[in-house]
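Please have the sequence and the structure at hand.

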Amino acid sequence: MYFDEFDLSDDVLDAISFMGFSKATPIQEKAIPEILNNKDVIGFAQTGTGKTAAFVLPVLHKISQNPSDSINTIIIVPTRELAMQIDQQIQGFSYFTSVNSIAIYGGGDGKGWTTENNALSSHTNIVVATPGKLISHLNTGRVNLNNLKHLILDEADRMLDMGFYDDIMKIVSFMPKTRQTLLFSATMAPKIKKMANDLLTNPVEIQIELSKPAEGVLQLAYLTFDPNKISLINNLIADKPEYKSILIFTSTKSNVSKIVQQLKRKKHSVEGISSDLEQREREDVLARFRAKQTRILIGTDVVSRGIDIKGIELIINFDVPNDAEDYVHRIGRTARADSTGVAITFINEDDMFKFSRIEKLINAEILKLPTPESIGASPVWKANQKANNTNKRFYKKKKGKR
């Protein structure tokens with residue numbers, strides 16, 4: 001289905017065309033008509049399916065048809081990166097309209113607070129915010145939500161994982177009961193259904209290929225011991241200059257700086273990003289990676305939900321994520337839309353059971369390769385937990401003899 005087949009205003013359609021889009025994705029095709037018909041929607045769709053445009057476009061159409069100077073829409077997201085990303089997309093899609101927006105998130109200075117406060121007090125139509133910072137503004141009593149028409153919860157599963165349920169319910173207490181509520185999630189967990197029952201009225205449920213990596217992602221895994229992982233990275237990318245944009249995930253912030261330091265010794269163009277950086281520093285790091293000034297970016301799972309950069313050719317999971325769903329979000333950074341990409345995961349002797357859960361989630365067995373002999377030995381793959389624990393004890397004992 002093409003965008004000009006939707007009942008969208010000419011100004012919104014012009015912006016869509018200007019940005020180079022013509023055909024809607026499945027989530028857009030199913031969600032846009034329901035949102036235009038003022039239905040509450042609960043949408044299940046993975047990262048990279050175009051769900052942001054699915055809720056932004058109909059909202060922009062409605063605001064452009066009935067302009068006002070008050071807050072019309074609040075979009076709640078789990079991370080500052082996602083808030084900035086959505087706000088940027090809103091600015092692009094609203095280019096030919098009079099609709100304006102602001103992203104509100106933690107980590108700023110006093111000047112940022114003043115700017116946000118002024119924007120919330122007048123002439124801002126769409127607010128994209130993280131829960132804690134929005135509550136801080138609402139508690140001042142200077143934010144008027146009497147004319148609010150839309151509440152949108154994006155990455156709702158991640159917000160619940162981060163413990164934001166009570167914060168979300170507090171935010172909702174400031175809102176009028178009559179409104180359109182849209183909830184989007186990558187997973188269909190029972191806690192999501194509970195939140196939907198609490199906040200939505202007779203919602204239309206839309207499901208788009210839950211927890212499945214994009215078809216354009218080539219997935220591989222290497223069985224390797226931790227001391228060999230940096231050498232394995234060098235081996236994988238040293239003779240591949242065509243990989244100009246590489247994203248490496250690790251599960252801990254402490255590993256980010258360690259990996260950066262070790263790769264810099266090999267003369268790689270590399271930077272790290274984590275919540276330890278100030279907001280301005282994080283924005284600068286992402287800007288350099290987006291502009292291809294930095295070839296390799298090392299990040300934690302916070303980045304997997306918040307980054308939206310085209311043209312990432314290679315994803316490397318330095319370790320297996322603790323949450324199987326995070327694997328889908330990590331590798332969802334490559335092969336966006338109709339493009340292709342490669343996702344490689346390093347599996348040590350302790351991570352085998354976690355990786356087997358990932359394979360169960362995505363209903364696929366991923367090819368597992370041994371570490372090249374020139375780098376070192378490989379652990380033996382054991383698919384079940386009991387075998388994995390036995391394997392773990394064996395290698396610990398073996399290491400102790402060295």
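The sections below cover the basis of the model, the ring pairs and the charges over rings.

## Basis

This is a predicted model, in which local features need pLDDT of at least 70, side-chain atom pairs count only at pLDDT 80 or more, and totals for chains, interfaces and linings use all residues. Residues are numbered from 1 along each chain as its sequence is written, and side-chain values use heavy atoms, with hydrogens and water left out.

## Aromatic pairs

Rings of Phe, Tyr and Trp (its six-membered ring) pair if their centres lie within 6.5 Å; planes under 30 degrees apart count as stacked, over 60 as edge-to-face and the rest as tilted. By this rule there are nine aromatic pairs. The Phe18 and Phe96 rings are edge-to-face, because their centres are 5.9 Å apart and their planes are at 90 degrees. This pair links distant parts of the chain, 78 residues apart: Phe18 is in helix H1 (residues 10–18), and Phe96 is in the loop between helix H4 (80–93) and strand S3 (101–104). Helices (H or I, at least four residues) and strands (E, at least two) are DSSP runs, numbered from the N terminus.

Phe18, Tyr95 and Phe96 are linked by ring pairs into a cluster. Buried means under 20% relative accessible area, exposed over 50%, partly exposed in between (1.4 Å probe, protein chains only). Phe18 is exposed at 61%, and Phe96 is partly exposed at 35%.

## A buried pair

The rings of Phe55 and Phe184 have centres 5.3 Å apart and planes at 45 degrees, so the pair is tilted. Phe55 in helix H3 (residues 51–65) and Phe184 in strand S6 (residues 180–185) are 129 residues apart. Phe55 is buried, with a relative accessible area of 0%; Phe184 is also buried, at 0%.

## Charges over rings

A charge sits over a ring if NZ of Lys or CZ of Arg is within 6 Å of the ring centre and within 35 degrees of the ring normal. Lys229 lies over the face of Phe318, 5.0 Å from the ring centre. The charged end of Lys368 is over the ring of Trp381, at 4.6 Å from its centre.
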